[in-house]
Amino acid sequence: MASDYSPRVRASVARNTSASSWLLDRLASDSDTNVRLAVAMNSKASENSLYRLAGDYNEQIRSQVAKRSNISQNVMQRLATDSNSNIRLQIASRTDVPVSILRSLAHDSDLTVQRTVLNHPSADS
């Protein structure tokens with residue numbers, strides 16, 4: 001089903017929390033945006049899938065990865081250097097963002113990101 005012609009079927013597989021990490025890794029590179037978005041929303045998506053999706057050309061997919069509660073420091077770091085300031089703002093707003101990433105975001109070109117870092121509970125660290 002992961003190689004089914006229909007993007008709807010592949011998206012359905014990608015949403016399934018029983019899907020294997022190998023299968024989700026494969027679907028994270030799918031040509032269809034909705035399939036990749038479904039992987040980004042799947043709580044069983046692996047670090048590898050999330051890292052790949054954090055570099056996706058589609059902003060909605062990168063934003064979905066940034067919203068996840070369980071992303072690694074590597075994924076956060078990748079998103080913290082995103083070309084879109086809204087994605088960087090999502091990372092700066094996380095309570096679990098490492099201080100090292102906050103330090104780099106403190107020099108962000110976007111003033112809203114900078115202000116968010118200044119007001120972050122971990123900013124004093």
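The side chain of Asn 58 reaches the backbone nitrogen of Gln 60 at 2.8 Å. That is a polar contact, meaning a pair of N or O atoms within 3.5 Å; within protein, one must be able to donate a hydrogen and the other to accept it, and residues adjacent in sequence count only if both atoms are side-chain atoms.

Before I go on, the source. This is a predicted model, in which local features need pLDDT of at least 70 and side-chain atom pairs count only at pLDDT 80 or more, while totals for chains, interfaces and linings use all residues. Residues are numbered from 1 along each chain as its sequence is written, and side-chain values use heavy atoms, with hydrogens and water left out.

Back to Asn 58. It lies in the loop between H4 and H5; helices here are DSSP runs of H or I with at least four residues, strands are runs of E with at least two, and both are numbered from the N terminus. Is Asn 58 buried or exposed? At 17% relative accessibility, Asn 58 counts as buried. The cut-offs are under 20% relative accessible area for buried, over 50% for exposed, and partly exposed in between, with a 1.4 Å probe and protein chains only. Leaving aside neighbours within four places in sequence, Asn 58 is in contact (heavy atoms within 4.5 Å) with Thr 33 and Arg 36.

The rule is a side-chain nitrogen of Lys or Arg within 4 Å of a carboxyl oxygen of Asp or Glu. How many are there by this rule? The count comes to 5. I will show three of them.

Arg 36 pairs with Asp 56, with the closest N and O atoms 2.5 Å apart. Arg 36 is in helix H3 and Asp 56 in the loop between helix H4 (47-53) and helix H5 (59-67), 20 residues apart. Both residues are buried.

The second bridge joins Asp 82 and Arg 62, at 2.5 Å from N to O. Asp 82 is in the loop between helix H6 (73-80) and helix H7 (85-92), and Arg 62 is in helix H5, 20 residues apart. Asp 82 is buried, with a relative accessible area of 8%, and Arg 62 is buried at 8%.

In the third, Asp 30 meets Arg 10, the closest N and O atoms being 2.6 Å apart. Asp 30 lies in the loop between helix H2 (21-27) and H3, and Arg 10 in helix H1 (residues 7-15), so the pair ties together parts that are 20 residues apart in sequence. Asp 30 counts as buried at 11% relative accessibility, and Arg 10 at 9%.

Now helix H3. At its start, a side-chain oxygen of Asp 32 comes within 2.9 Å of the backbone nitrogen of Asn 34. The buried residues of H3 are Val 35, Arg 36, Leu 37, Ala 38, Val 39 and Ala 40. Which helices do they pack against? The partners are H1, H2, H4 and H5.

Last, the nonpolar core, defined as a set of buried Ala, Val, Leu, Ile, Met, Phe, Trp, Tyr and Cys residues joined through side-chain atoms within 4.5 Å. The largest one has 34 residues, and Val 39, Val 65, Ile 71, Leu 79, Ile 91 and Leu 105 touch the most other members. Helix H3 (residues 33-41) gives the largest share, 5 residues. Beyond four places in sequence, Ile 71 is in contact with residues including Leu 50, Val 65, Leu 79 and Ile 91.
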